[in-house]
Number of protein chains: 2
Amino acid sequence: MKYIEKLRNAGLRPTKQRLKICEFLFDTQKTFHFTINDLFNKIKKHSKNKISLATIYNTVRSFEKKGYLKQIPINSNQTYFDTNISDHHHFYDLKEGKLIDLENSDVGPINILKKINGKKIKSVEVLVKLEG
Amino acid sequence: MKYIEKLRNAGLRPTKQRLKICEFLFDTQKTFHFTINDLFNKIKKHSKNKISLATIYNTVRSFEKKGYLKQIPINSNQTYFDTNISDHHHFYDLKEGKLIDLENSDVGPINILKKINGKKIKSVEVLVKLEG
DNA sequence: ACACTTTTTTAGAATCATTATAAACTACGA
DNA sequence: TCGTAGTTTATAATGATTCTAAAAAAGTGT
Ligand SMILES: [Mn+2]
Ligand SMILES: [Mn+2]
Ligand SMILES: [Zn+2]
Ligand SMILES: [Zn+2]
């Protein structure tokens, strides 16, 4: 299995559940955005052995901590995750409630002129809200 | 009272509670960031007549809808609001869990090169995460 | 394979921010 | 002052997330 190494490298035991979740998250060509509930339902629908909601939460949190997933800063009642872990930005279509990737190359270089004493910039994320 | 007009203009009746909340939000020189709980506690502590939590929620939502407040897109279990409604950005100090304003003039001009068919850009917000 | 320890999974309970409800209260125009 | 629509409030409901603790699985050494 191609994900056993990946999990081991991150210090995560390659369990049946984690491998299944990896398939759903990382086997696709395209990256995508999802909520825990999205993922839970997709797995329940397309897999015969169901995975408990608690495990989905635990695993997604672990993957996020290990850098396999990113959280997307957005105002929503649920947390959105991204399988695209590259440095990039987002459109947020307010009417549809959908996120769309905005690659770094689609945004001019961002220059943060203000410095905060003793602090280092970890990330710069742009959220572009769309209407109409 | 200086806020009566403001509320009337927005189609909101100037009630005792709304005027009190206006004082706490808009009487200061400096703008600030807050959660509903922050505001509820501040009012409870510094005002003799308490305002119910439900009213704080209702009023803040009304103010946000009318453009008197802005929501800040950030990953947190609670919603953050901003009394600074100008077009601006934020640092997010991950260790302290605090937001710091980043004025538009402190960020180079942001050029969104990608266009989404039929959609108009409503806002462009930058979140700069700080570590260390 | 077996015994033993540690980690993981799981169902269900707990937590907590937010929203809904519905009865009492208030603003305000007639 | 009356009547009505809008507002406030205590409280209940909702719903995402986290916690708990017991069962299951994985890893380790023999
Ligand atoms: Mn979120
Ligand atoms: Mn928020
Ligand atoms: Zn993305
Ligand atoms: Zn701000």
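Select the zinc ion (ligand 4): along the chain, its donors are spaced H-x48-D-x5-H-x1-H-x10-D. This is a predicted model.

**Stop 1: zinc in chain B.** Show the side chains around ligand 4. The zinc ion is coordinated by B:His33 (NE2), B:Asp82 (OD), B:His88 (NE2), B:His90 (NE2) and B:Asp101 (OD). These donors sit at 1.9 to 2.3 Å. Now pick out B:Asp82 and B:His90; both are buried.

**Stop 2: zinc in chain A.** Move to the zinc ion (ligand 3). Its protein donors are A:His33 (NE2), A:Asp82 (OD), A:His88 (NE2), A:His90 (NE2) and A:Asp101 (OD). They lie 1.9 to 2.3 Å from the ion. The spacing of the donor residues in sequence reads H-x48-D-x5-H-x1-H-x10-D.

Next, select A:Asp82 and A:Asp101. The pair links distant parts of the chain, 19 residues apart. A:Asp82 belongs to strand β3 (residues 80-82), and A:Asp101 to strand β5 (residues 98-103).

Are these two aspartates buried or exposed? A:Asp82 is buried, because its relative accessible area is 0%, under the 20% cut-off. A:Asp101 also counts as buried, at 16% relative accessibility.

**Stop 3: the two chains together.** Zoom out to show chains A and B. A rotation of 180 degrees, with 0.0 Å of shift along its axis, superposes chain B on chain A (RMSD 0.1 Å). That is the relation of a two-fold axis.

Which residue of chain B comes closest to the rotation axis? Select B:Val126: its C-alpha is 2.2 Å away from the axis.

Finish at the interface. Of the interface residues of chain B, 100% are also interface residues in chain A, so the copies meet through the same surface.

How values were computed: Residues numbered from 1 in each chain as written. Chains lettered and ligands numbered in written order. Predicted model: local features only at pLDDT ≥ 70, side-chain atom pairs only at ≥ 80, totals over all residues. Heavy atoms only, no water. Donors = N, O, S within 2.8 Å, 3.2 Å for Na, K, Ca; no water. Helix = DSSP H or I, 4+ residues; strand = E, 2+ residues; numbered from the N terminus. Buried < 20%, exposed > 50% of the residue type's maximum accessible area, 1.4 Å probe, protein only. Least-squares fit on C-alpha atoms with pLDDT ≥ 70 in both. Contact = heavy atoms within 4.5 Å.
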